[in-house]
Amino acid sequence: GTPAADMYPRKILEYMEGFLVSKVVFSSCELGVFDLLLSAERPLSAEEISQAIGASLDGTQRLLAACTGLKLLNTLQDNGQVLYSNTEQASVYLTRSSPLSLYQSIQYSSRTIYLCWHHLTDAVREGRNQYEKAFGVNSKDLFQALYRSDEEMVKFMQLMNSIWNICGKDVVTAFDLSSFKVICDLGGCSGALAKQCTSAYPECTVTIFDLPKVVCTSREHFVTEADQRISFHKGDFFKDPLPEGDLYILARILHDWTDERCVELLSKIYKACKPGGAVLLVEALLYEDGSGPLTVQLYSLNMLVQTEGRERTAAQYTTLLAAAGFSNIQHRLTGKIYDAVLGNKEA
Ligand code: SAM
């Protein structure tokens, strides 16, 4: 039949330009627009901004206009000229120096994730990640590819770090973990979640277990000596013995791996875990009926283009935990990106 006269593919047109929006945010951050407006402490003209960031006036004007349309910049008219300033969201999340900055995540999206997604069609066809095509690295070992240079590793660590300033408190307090005193954060990376644990639970200590070069970098750049309740343990969680603990945290670890590898790791944790102890999974949970959340559905594709894993439902995590021996498995949604699943080892 003929489509109704008022039918208009608004959503589809919006989806088509989704990547244009992403690129405006990426480029504005990379050019330092938001940092400049923060440090200027007064609204600036396009001329002033283009000169300060070393970009063409024409290009800068168009970029600033797009940021205004995206409500990342405010404008005001001053003697016939337009002046720009950051919106509050831009100041808080898009400037480098802000404690809640997403700048590093945006950089990683722009320089790494965007390039992998260029090969999404191939990833779906082949059912595997696109590191080789995107970056010329052909490694059987996922993290050898991700950490193909020290620079890439630090960038990845900064990416991992930033989200816990925003969602960390919710995931560590989703369950009352106060009875667990000796916590081991497996794949604990930059220690952002470990810090959330020590601040939420004054009696606990946290050991960050990660690959040797990640531990060295974390110690050097992310966790200060002042964090006396946080310590480190270098190792490979698939190959080396795990430290004994009351609670093991696996935050965004299982989503990197196949079901087989997940059960292998969880079984190892079950053996190391003290009776009465537990494992806390921190992951973005899919709805059981597959209807959402959209962010997690997109993350699952992101895991396809970049890793060996996938995002899962609470029931799927429950199956993996039960296969490794854990019981009394519960999950809690936080309403933000990441949720929590707790499995216990009987006392
Ligand atoms: N848990 C952190 C978070 O949520 O911010 C980091 C998650 S990141 C996706 C995966 C982490 O697992 C990285 O820090 C990586 O270095 C670590 N990792 C990967 N393979 C590992 C292995 N075989 N042994 C120990 N750590 C490993």
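**View 1. Strands β8 and β10 in the predicted model.** Strand β8 (residues 273-283) and strand β10 (residues 339-344) run antiparallel and are joined by six bridges; strands are DSSP runs of E of at least two residues, helices are runs of H or I of at least four, and both are numbered from the N terminus. Pairing of two strands requires at least two DSSP bridges between them. Leu-281 has Val-341 in β10 as its bridge partner. This is a predicted model, in which local features need pLDDT of at least 70 and side-chain atom pairs count only at pLDDT 80 or more, while totals for chains, interfaces and linings use all residues. Residues are numbered from 1 along each chain as its sequence is written.

**View 2. The open sheet of seven strands.** The strand order is β6-β5-β4-β7-β8-β10-β9, with mixed pairing. At the edges are β6 (230-234) and β9 (327-332), each of which pairs on one side only. From one strand to the next, the twist averages 20°.

**View 3. Helices on the sheet.** Helix α12 (residues 192-200) lies across β4 (182-186), β5 (205-210), β6 and β7 (245-251), and runs at about 170° to β5. Helix α14 (residues 259-272) also packs on the sheet, where it touches β7 and β8, and its direction makes about 145° with that of β8. Angles run from 0 to 180 degrees between N-to-C directions, and axes are lines fitted to C-alpha atoms, for helices over the stretch in contact. Residues are in contact if their C-beta atoms, placed from the backbone, lie within 7 Å.

**View 4. Packing of α11 with α12.** The axes of helix α11 (residues 150-172) and α12 are 9 Å apart, at an angle of about 35°. On the α11 side, the contact consists of Asn-161, Trp-164, Asn-165, Gly-168, Lys-169 and Val-172; on the α12 side, of Ala-192, Leu-193, Gln-196, Cys-197 and Ala-200. By class, six residues of this contact are nonpolar, four polar and one charged. Ala, Val, Leu, Ile, Met, Phe, Trp, Tyr, Cys and Pro count as nonpolar, Asp, Glu, Lys and Arg as charged, and the others, Gly among them, as polar.

**View 5. The ligand shell.** Around the ligand are 16 residues, of which Met-160, Gly-187, Cys-189, Ala-251 and Arg-252 come nearest; a residue is near if its C-beta atom, placed from the backbone, lies within 6 Å. Ten residues of the shell are nonpolar, two polar and four charged.

**View 6. The hairpin of β2 and β3.** Six bridges pair strand β2 (residues 73-78) with strand β3 (residues 81-86) in the antiparallel sense. The bridge partner of Asp-78 is Gln-81 in β3. Two residues lie between the strands, and Asn-79 takes a positive phi near 50°.

Definitions and conventions:
Contact = placed C-beta atoms within 7 Å.
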